[in-house]
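Subject: A structure to look through

Dear colleague,

Here is the structure I promised to hand over, with its sequence.

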Amino acid sequence: MVVSASMPNISTNGAFQVGRFTVQNNSGTFYQGYPLHDNFNYKAEGSPPTNGLQGDAASSQNDGLFMTPLGPSDLQTAEAVRSVRDSREDFRRLSLYSTLDVVPHYTHYANTAAPGRLKRSRPSLDVLRNAIKENSEDLTKVSEICEVNIKKSEEEAATTDKPVSEPVRFGWIKGVMIRCMLNIWGVILYLRLPWITAQAGIGLTWLIILLSVLVTTITGLSISAISTNGKVKAGGTYFLISRSLGPELGGSIGLIFAFANAVAVAMHTVGFAETVRDMLIEYNATMVDPVNDIRIIGVITVTVLLGISLAGMEWEAKAQVLFFLVILVSFVNYLVGTVIPSTEEKQSKGFFNYRADIFIQNIVPDWRGETGSFFGMFSIFFPSATGILAGANISGDLKDPAVAIPKGTLMAIFWTTVSYLAISATIGSCVLRDASGNLNNTLLFNDTEDCSGPECVYGWNFTDCRDAGDCQYGLSNYYQAMSMVSGFGPLITAGIFAATLSSALACLVSAPKVFQCLCHDRLYPLIGFFGKGYGKNNEPIRGYLLTFIIAIGFILIAELNAIAPIISNFFLCSYALINFSCFHASITNSPGWRPSFKYYSRWTALFGAIVSIVIMFLLTWWAALIAFGIVVFLLGYVTYKKPEVNWGSSVQASSYNMALSYSFSLTAVEDHVKNFRPQCLVLTGIPVCRPALVDFVGTFTKNISLMICGNIVMNKQDKELLEERTSKQIKWLNKRKIRSFYTSLMGENLRDGVNNLMQATGLGKLKPNTLIMGFKGNWQSDLPENLDSYVGIINDAFDFKYGICLLRTSNGLDISHRMQSFDNPAFEEIKEENDEVQHEMSINKAVVTEPEIVIEEQSQTIFKCKQGKKTIDVYWISDDGGLTLLIPYLLNRKKKWRQCKVRVFIVGHKETEDEDKKEMLSLLNRFRLDFHDVIVMTESDEAPQPENMKRFEDNIAAFRLNDGLQDNASVRELKRNCPWKVSDSELEQYKEKTKRKVRLNEIIQENSKDAALIVVSMPVVKKDSCSSSLYMAMLEALSCNLTSPVLLIRGNQQSVLTFYCQ
């Protein structure tokens, strides 16, 4: 046999996986395994060192190889097998450390693999550290199976294999630069830039252009940084923002950005249709009427554009290149026209070629009309500078988005800026602001006495029309000035057509591409249907049709002046979020923020975000408010739904930074009784098995204090499942809306595990101070060692200054046996105990396997229901610092418990009943707890009923030593071997205390039959003088036969309530 050091995880048709190397026998069959024998031939560099595994090197049976059959999903074609066999570049180079180690490789970090190959992976720690089990019989079976399967796959490949066409991918010029330039150039360049130059003058027009370009350049730098911080996939602007800021902001901006692009298709199409209609009117060739002509031309145009889009990205790109060439020809035509000597007709319209006096006159502003102001002109021009996202929006169709997006976007901004500046300067140097167009307005005999203006030098007089304000031509009055200046006017019209159609086509492609990525992420309902892709480029055909329908709807309106400002604000909102994404990712100092594009600054990105928002309100304040309102609404929806996505966003990094910063600052704050919060460590085991315990603690800790669900795992077989189990339990807690952490800990036994958990859990001041457990209802039938461990946990908690809470319900807390019987109909339902029968067994022995968590079927508990007008009865028998009162108070503040009345029961005497009641009311009033119902128990000193004492004695009988006739040495020996046993002296010592607990139970049964919750002070005994069985018997006597939930509480004897203000 031959072993080739090859790419790990490459499987073949019918192959078996054996470790991480591809094993090939002489017949050409491939396997994956570890080289364990000296008689193997290696195709890697050098001879293989020993790997330290214990195997028989001389064995021909391949001892030490462990093989597991691959499923059908892992099978590859015969062609893939041959590629592995013949390609030496796939052979894995061995590390110098061992034969199992591999050198660093790109594919170890990639999420996907090349077509026809499985993903490489480095060996796990278990593979490197653990010996491989021996299984020599499988190798022979593998050889036979693989020979048959590979033969079949080769036969099928010979008949069915067809060459797969590669998807069309574009470079930075064709895919980004040309596309962005076409989207930036628009009607404003041809029809409004000369007019803006007349209004603002050449100087301020340049300032307007440069300010607009400043915003787009900063945004371009931010896009470049984000797009080079990892591999960019399809989705464009939405992908960049969502993967940086998270699904909340990304989803909202993705939806409105896709919609804005769809409506922008209609806007550019209507602009084209209006130009065509004006031409028809000029030649008296209207079809119906001016409005319906726009609708007809617009519908026909957008249908043609849809056909180009559906033909594929290759045809769409060819159309864009054609439009680009047309616009370049129109620019050349314009520049040539500026140097061609002007005719008399053109001079009458204000064109005199390049003149210094005309340049000087036009360099200063001349504001006219309602929009005659700097910001008025800025608001008109700025939309023409947008469009820099056209290339990024097709990121999935680019060969290398990380290179194409920065290079193409910045180059597009540069060249379009040059074109805007050049056209503004050249047309401002050639054309007057005002001209009549009348050939008769020439000067006779060069008489300039009544003439004012630079045209007088050239023999023309436009003073009359200028003073009357009825000039028809000139930069201030004639929008077709570029067409008039150009060498051939129809080419400028062709440029206008190309600019509008290219922008419409770019938006028609961008909207479905962005929307498709949003559909795949499933952040919003009912949109997944439109995300399906077709063809080699995964074209969103359904998205194209949806965009077409939206565009048709707005084209039929034929009046987009109201919606246009909102669309501009949507694009500006995208700019603001892109810049903020770059700033936020930089400011969080996340190690994952490593863009290869270095020419950006976090502060310029923040400046770009602020300026974008300011411009939104300068353009149209009401449209800006609408845009923000829509973003906030969509953001709130996604935040509420909490989609199950994890993109490593900067928001997550920021949350970590804030949590770390506040945790550090909290360590410098000294503890104060006013700020005490019950920070609970809840021994739930697997939380899904004890939903009632989780719900109860989660009720009074939610948004108030810390809650940690703890699980002790003793079964070493479950060690590998800890991480998977943790993620499932956290998912279950989140679905149940429990604000809790979850932690699992390996331990030799329950007590040691909990002991370590109490010491290690927490961070700084965020450390538990209260231990909450379920009551051990099976303490009489369980192993004595488990009973001793349970009581030992209580003693350990007191040693660590923890408060203790034990929750007991009539039906028990552990529902794992019910879930098992539900999963397996043949499962015999375990007899339900009155309390938590399986608590110790499920945690300590790990006999209850983790049930399959079905999130949709949440277990309902009494603590999830509204409690109504019941009572919370607090039996404050012992002063523990106030924890017995604080937890009922926190419960009573919650909505489901708000209607419950809290009653406080205290011990007293008949002679001083009124005084005791007044004293307690005064104390409660000082604590500001709003508890007004105090009941004094004057009969607590009476003897309990004999049958109740008899029940207590029966409970303890099995644990008695009966040492009355034995000597002290024998008693000590028995006690040492069985510490849970109860001696006669011990029973006598706690006789009175036991009677009081039995009597208190009788009082509770009389007064709290219908209570929503019974809270009782938990007794404390000396841990060296009271056995665990006697202590549990006391707790049993105190809480038995109660239908309402019982909470036994004992604080750590330190005050948690105060009536002082400092």
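How many helices and strands does the secondary structure of the protein chain come to? The chain comes to 35 helices and 15 strands, where helices (H or I, at least four residues) and strands (E, at least two) are DSSP runs numbered from the N terminus. Please keep in mind that this is a predicted model, in which local features need pLDDT of at least 70 and side-chain atom pairs count only at pLDDT 80 or more, while totals for chains, interfaces and linings use all residues. Residues are numbered from 1 along each chain as its sequence is written, and side-chain values use heavy atoms, with hydrogens and water left out.

**Confidence**

The pLDDT, which is the predictor's confidence in each residue from 0 to 100, averages 78 over the protein chain, and 78% of the residues score at least 70. Where pLDDT is low, the predicted coordinates should not be read in detail.

**Burial and cores**

Of the 1062 residues in the protein chain, 53% count as buried, with buried meaning under 20% relative accessible area, exposed over 50%, and partly exposed in between (1.4 Å probe, protein chains only). The largest nonpolar core has 130 residues, and Trp185, Leu189, Tyr190, Ile327, Tyr420, Val431 and Ile615 are those with the most contacts inside it; such a core is a set of buried Ala, Val, Leu, Ile, Met, Phe, Trp, Tyr and Cys residues joined through side-chain atoms within 4.5 Å. Helix α17 (residues 489-521) supplies the largest share of this core, 15 residues. A second, separate core has 55 residues, including Leu706, Ile708, Leu757 and Leu987. Leaving aside neighbours within four places in sequence, Ile327 is in contact with Leu182, Trp185, Tyr190, Gly495, Ala498 and Ala499.

**Two helix pairs**

The axes of helix α8 (residues 247-282) and α17 come within 8 Å and cross at roughly 160°, where axes are lines fitted to C-alpha atoms, for helices over the stretch in contact, and angles run from 0 to 180 degrees between N-to-C directions. The helices α8 and α17 are therefore roughly antiparallel to each other, since angles under 35 degrees count as roughly parallel, over 145 as roughly antiparallel, 65 to 115 as roughly perpendicular and the rest as oblique. The axes of helix α31 (residues 946-957) and helix α34 (residues 991-1007) come within 10 Å and cross at roughly 125°, which makes α31 oblique to α34. In this pair, Asn948, Met949, Arg951 and Phe952 of α31 meet Thr994, Lys995, Val998, Asn1001 and Glu1002 of α34.

**Two asparagines**

Most residues other than glycine have a negative phi. Asn353, however, has a positive phi near 60° and sits in the loop between α11 (344-348) and α12 (356-362), where Asn353 is buried at a relative accessible area of 12%. Asn703 also has a positive phi, of about 60°, and lies in the loop between α23 (691-701) and β7 (707-713), but Asn703 counts as exposed at 59% relative accessibility.

With best wishes

Technical notes: Contact means heavy atoms within 4.5 Å.
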